[in-house]
Amino acid sequence: MVRRTKEEAQETRNLLLDSAEQLFSNNGVAQTTLNDVAANAGLTRGAIYWHFKNKSDLLEALCERAHMPLEEAMSSLDATHDNPFDRIRAKTVEVLRQVVTDAHCRAVFNITLHKCEFTEELISLKKRHLAGRDDCLDQLEQELTQAAQLGLLRSDIPPRIAAIGLLSYIDGLLYHWLPVPEYFPLLEEAERLVDIYMSGLRAQP
């Protein structure tokens with residue numbers, strides 16, 4: 001009986017998350033209330049407040065379910081590659097492909113980039129987003145510092161600047177692709193798009 005109750009609670013939570021994902025994507029976060037989310041899911045106002053304290057809590061749960069955004073995906077680089085450039089390339093390509101193929105991931109990126117204003121109501125989510133970004137930059141800087149020590153990174157490019165440029169480049173690709181996926185074939189061109197940026201960082205032999 002207890003197990004069934006937990007399963008029902010999880011099912012209700014998933015219904016609310018699906019509803020929020022749909023409404024946030026269509027109408028924007030600011031224009032969607034928790035009551036809207038509950039009604040769209042066919043549930044009561046009490047049900048949504050049982051699972052989520054406020055809109056920020058709900059949006060954070062969406063991000064956690066999608067195992068995104070980019071900052072979290074970049075937090076663990078593939079240790080199977082000895083070359084730091086290869087590690088960065090593999091993870092960056094993986095992120096781009098995941099956005100295309102994972103519906104929840106794609107929706108979360110679209111919401112955070114195009115459908116969300118970081119108002120006072122969402123201040124905790126903004127802090128989390130900025131902290132994740134900083135962690136990602138630190139990780140990339142460490143990898144690029146190692147690349148510099150190995151003579152792989154151009155000597156005139158500081159590792160921190162290279163990391164900021166890469167993160168901004170990926171954000172820009174997603175920002176322009178998400179509203180109009182037919183704009184360019186992101187899935188098919190992910191490797192080439194990453195290589196365009198990475199090639200500019202490599203030291204010439």
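Predicted model: local features only at pLDDT ≥ 70, side-chain atom pairs only at ≥ 80, totals over all residues.
Author: Residues are numbered from 1 along each chain as its sequence is written, and side-chain values use heavy atoms, with hydrogens and water left out.

Reader: How many helices and strands does the protein have?
Author: Helices (H or I, at least four residues) and strands (E, at least two) are DSSP runs, numbered from the N terminus. Along the sequence, the pattern reads α-α-α-α-α-α-α-α-α-α. The count is ten helices and zero strands.

Reader: What area is buried between domain 1 and domain 2?
Author: Buried area is the accessible area (1.4 Å probe) that two parts lose on being put together, summed over both. In domain 1, Glu 21, Phe 24 and Val 29 lose the most, together 40% of what that side buries. Carbon and sulfur atoms give 65% of the whole area between the domains, which is about 1400 Å².

Reader: Which residue forms a salt bridge with Arg 65?
Author: A salt bridge is a side-chain nitrogen of Lys or Arg within 4 Å of a carboxyl oxygen of Asp or Glu. The rule finds two of them across the interface of domain 1 and domain 2. For Arg 65, the closest N and O atoms are 3.2 Å apart, and the partner is Glu 21.

Reader: Which helix gives the most residues to the side of domain 1 that touches domain 2?
Author: Three helices each supply at least two residues to that side: H1 (2-27), H2 (34-40) and H3 (45-51). The one that gives the most, with nine residues, is H1.

Reader: At what angle do helix H4 and helix H8 pack?
Author: Good one to finish on! Two packed helices are described by the angle between their axes and the distance between the axes. Axes are lines fitted to C-alpha atoms, for helices over the stretch in contact (heavy atoms within 4.5 Å), and angles run from 0 to 180 degrees between N-to-C directions. For H4 (residues 55-65) and H8 (residues 123-149), the axes are 8 Å apart and the angle is about 30 degrees.
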